Amino acid sequence: MAHSLVDSLSAHASRHPDRTAYRYLVTGDSDGEIQDISYARLAGRAQAIAAWLQEHGLAGSRVILLYPPGIEFIAGYLGCLAAGVVAVPGVPPQGRSQNHRALTRMKRLISDADAKVILSGRGVSEALATMAEHLPELAEITRVVTDDIPDDLAASWREPDLGADSVAFLQYTSGSTSAPRGVMVTHGNLVDNERVLTERMGHTPEALAEHDNELFVSWLPVYHDMGLILPVLNTLYLGATSTLFSPLHFLQKPERWLTAITKYRPHTSGGPNFAFELCLKHATPEFLDRLDLSRWKVAFNGAEPVRAATLRRFAETFGGAAGFRREALYPCYGLAEATLMVTGHTVGTPPNLLAADENGPHAGAADAAAVSSGRPGPGMNVVIADPERHKALPEGEVGEIWVASDSVAKGYWRNAVATREVFRAVLEDGSTRFLRTGDLGFLRDGELFVTGRLKDLMVIDGRNHYPQDLELSAELSHPALRPGCIAAFPVEVGEHGTGGEQPVIVAEVAPESADESGSITREIRNAIGEAHGLSVRDVVLVRPGTIPKTSSGKIQRRASREAYLGGTLSVVGELAAR
């Protein structure tokens, strides 16, 4: 039998049964209620849940996990792995989430995964019962509250016969440019990517000992690949201890994240670029005086474009009395189709920035520098390919990022066509089978620089324009614009598109800036005209938090375009005539 994370759990439960695996901050506050679970207790709960699944003949079938943030999800997920069941993490219904969009996603998840059972906590199970009228699919699926599964059932657990190619779980992608797909991540993929993560992030035995086994503090959603593969599963892989709390509690009060880092002093913590920006907005002198970030070794930044301006401002703001070290900033790149990590920064060195092209639109702007996402992990083969000719491109030239590795997933669940197109790419010389990431980038001295999404590329008047370049030009044009909260996309002009395409800019601004909308709009138009030689079709200023994003914080440009064309954007102030 191949090595799996099920083996890791059993080994750690045997070697240090009383060590805390995870602690959960119930209110998000470090001085509030805390739930924790030891390795022995976690193994027992996982085996009890696994035994229940085995007794009901569910090995090999799909089981949806619908839990609020917390330790219950981890036990349910590991229970599936220990039973040889395919786990399907989902977003639980909560608050006002029982809307059309949430119901549509739930229906698709149940149908696409062909799930037999839903595992959940009691609160979620009760919420699902109220959804039956709008979600008749629930009548055909068994709902189980895992708290009701007795501990003593663990005695009947049977170790599953898992191979490296056995599917561990389906990670549904966040869908920044397409409908979400279920990525089939195998047990072998998981172990290999945990190996890559461990090496790239410097999670050595010496580093763990230095931090008293405190590995992560994380608020990241555990149903998303970054929140699951990094803080949850790397902790399990290494037998360390990590502190978790709810994404909602972070969004309500971003100070909670850095406060928890100050208290628990973990080696590693991070999130998408927007999380660092949120912390900057709340960095009052009084708050900075309460922080001690000097032990934070890896502040990973990934899942969405990493901004040079964010890195600079975060290091400057938190590097004084708070003790944050610029060398801790850790840009990285990954995707669900590669389990998670592909490249990562070198631990203990400042981020590598590449100055904007002196002949380009952002020449001389330090905050427009390209940020390296680091080097490929061990065993990761990364090439830049011409997406049309399937030819490897020379260093420095932009093309599609292709990846070959044991971390690359098996394919898309029940989608042979997409699997063949995305996971079976071959270079013109017939070399190794590659994963086509759909991301654009280039290599420089062995380091990867990500430049955008292939499907988002705009061709206007015969010239290629990357939307993130236009978004950056707009962001730098006026201080009232929210960093990382701008969407650029093309629309057709003239009757039946006879006038070609022109860009539209949708940008979030604070409501108090509504009376400046005219001048902000002019600044955006002027900046894009001067930098890119483009005439902007429209500039729309919208309220904070209303531009569509994926669960990992990526701008959904297609959804933004649909909202623009449908007239459903949350507009601030009077705007330029369309």
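**A walk through the predicted model**

Hi everyone, let's start with a sheet: five strands make up an open sheet, ordered 19-18-20-22-23, and the pairing is antiparallel. Strand 19 (391-392) and strand 23 (447-453) sit at the edges with a single partner strand each, so one side of each has no neighbour in the sheet. Please keep in mind that this is a predicted model.

Let's zoom in on one pair from that sheet. Strand 18, residues 381-386, runs antiparallel to strand 20, residues 399-404, and five bridges join the two. As a quick reminder, strands of a sheet pair through backbone hydrogen bonds, either parallel or antiparallel.

For a parallel example, go to strand 11, residues 268-271. Four bridges join strand 11 to strand 12, residues 298-301, and these two run parallel. Here G270 stands opposite F300 in strand 12. Is strand 11 covered on one face or on both? Both faces are covered: T268 and G270 are buried on one side, and S269 and G271 are buried on the other.

Now for a helix. Helix 3 covers residues 71-83, which makes 13 residues. From first C-alpha to last, helix 3 reaches 18 Å, close to the 18 Å expected at 1.5 Å a residue. How many of the residues in helix 3 are buried? Twelve of the 13, so the helix is mostly covered. Among the buried ones are I71, F73, Y77, L78 and L81. Just after the helix, G84 takes a positive phi of about 75°.

C80 is also on the buried list for helix 3, and its relative accessibility is 0%, which is why C80 counts as buried. Since we are on cysteines, how many disulfides does a search of the whole structure find? The search comes back with zero. Take C279, which is in no disulfide: the nearest cysteine sulfur belongs to C485 and is 14 Å away. C279 counts as buried too, because its relative accessibility is 2%, and the cut-off for buried is under 20%.

One last stop, in a loop. G320 lies between helix 13 (308-318) and strand 13 (329-334). With a relative accessible area of 48%, G320 is partly exposed. G320 and L288 are 32 residues apart in sequence, and their C-alphas are 8.6 Å apart in space.

Key:
Residues numbered from 1 in each chain as written. Predicted model: local features only at pLDDT ≥ 70, side-chain atom pairs only at ≥ 80, totals over all residues. Heavy atoms only, no water. Pairing = 2+ DSSP bridges. Expected span 1.5 Å × (residues − 1). Buried < 20%, exposed > 50% of the residue type's maximum accessible area, 1.4 Å probe, protein only. Disulfide = S-S within 2.5 Å.
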